[in-house]
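Hi everyone, thanks for coming. I'd like to walk you through one structure today, so let me put it up on the screen.

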Amino acid sequence: MRLVLLGPPGVGKGTQGRRLAAETGCPLISTGEMLREAVAQATPLGLEARKQMDAGRLVPDEVIVGLVRERTAREDARAGFVLDGFPRTVAQAVALDALLAERGLRLDAVLYRWVGEDELIRRLSGRRECPVCKRAYNTAGAPSRDGVHCDDHPEVALQARADDAEDVVRRRFDEYRGKTAPLVDHYTATGQLRSVLGRGSVDEVYEALRRAAGRDPQATRVG
Ligand code: AP5
């Protein structure tokens, strides 16, 4: 399947995307993760992207579209993929449709999640991540067993993300409202939007997303 996970910062795109990818056998393609790897390796792309990411702003469309074009063309993405964090502007959505059309393909569904901003800011301030396997934890609702190390890598200390500082988070929400939220109308118009709304647990949301991926465009409520 070719799926897109759409929603504001902290809504759970990465958390749910990893599960969907594991179940479908398709790769999870996270543009945020690709950019963070480029930053960590200090590539020219990473050095340039870092300025935007640290400021909570979107990286230019042409840079991101080039990354996605290359990544989705790889062998492991031939049967499908789960896109996390892309597209994030209407221009990116149009570019994605065009590059899939060149290959005789189209998206199966755009899975949209939304919960209130106060809850998302609370989640992001508590988010901790394993630098090795990228498993997400939360100091508030979903801590690791000892609260400090990854359950799967007991020698590795969990880290907070640099762009989860509160002032940066607020700018990321501004970017989301201005540039990404219009994609809800865009994909409603194309008939590809599947909405899963409400504050359910990770498991409840996952079940709702799985069902939404294969059903009519009707909002599902969890929690
Ligand atoms: P990116 O990494 O994509 O960040 P984001 O979209 O802001 O999303 P997050 O990764 O912060 O959150 P998430 O929705 O994945 O939530 P998570 O599962 O971690 O992008 C980072 C930056 O890269 C951007 O700001 C931009 O600069 C650049 N960029 C990336 N893509 C771009 C593009 N296409 N164009 C231009 N620039 C781009 O969950 C969050 C927390 O909540 C976790 O602690 C988790 O445990 C917890 N949680 C999850 N689900 C639940 C639940 N149901 N209940 C309770 N807690 C939950």
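So, how many residues surround the ligand, and which are the closest? Keep in mind that this is a predicted model. In it, 32 residues surround the ligand, and the closest are Thr-15, Arg-57, Arg-88, Arg-127 and Arg-172.

Let's look at some of the contacts. Arg-88 places a polar side-chain atom 2.6 Å from an oxygen atom of the ligand. For Arg-172, an N or O atom of the side chain is likewise 2.6 Å from a ligand oxygen. Gly-85 uses its backbone instead: an N or O atom there lies 2.9 Å from a nitrogen atom of the ligand. As for area, the ligand taken alone exposes 1000 Å², and the protein buries 93% of that.

Which elements give two or more residues to the shell around the ligand? They are helix H1 (13-24), helix H2 (31-40), helix H6 (117-126) and strand S6 (136-138). H2 gives the most, with four residues. If you like to think in classes, the shell has twelve nonpolar, eleven polar and nine charged residues.

Now, on to a helix, H5. It covers residues 90-102, 13 residues in total, and spans 19 Å from first C-alpha to last, close to the 18 Å expected. Which of its residues are buried? Gln-92, Ala-93, Leu-96, Leu-99 and Leu-100. Looking down the axis of H5, these buried residues fall within an arc of 130°, so they line one face of the helix. As a reminder, an α-helix has 3.6 residues a turn, so residues three or four places apart point the same way.

That's my tour, and I'm happy to take questions.

Definitions and conventions
Residues are numbered from 1 along each chain as its sequence is written. This is a predicted model: local features need pLDDT of at least 70, side-chain atom pairs count only at pLDDT 80 or more; totals for chains, interfaces and linings use all residues. Side-chain values use heavy atoms; hydrogens and water are left out. A residue is near a molecule or strand if one of its heavy atoms lies within 4 Å of it. A polar contact is a pair of N or O atoms within 3.5 Å; within protein, one must be able to donate a hydrogen and the other to accept it, and residues adjacent in sequence count only if both atoms are side-chain atoms. Accessible areas come from the Shrake-Rupley method with a 1.4 Å probe; for residues, only the protein chains shown count as cover. Ala, Val, Leu, Ile, Met, Phe, Trp, Tyr, Cys and Pro count as nonpolar, Asp, Glu, Lys and Arg as charged, and the others, Gly among them, as polar. The expected span of a helix is 1.5 Å times one less than its number of residues. Buried means under 20% relative accessible area, exposed over 50%, partly exposed in between (1.4 Å probe, protein chains only). The arc is that of the directions from the helix axis to the C-beta atoms.
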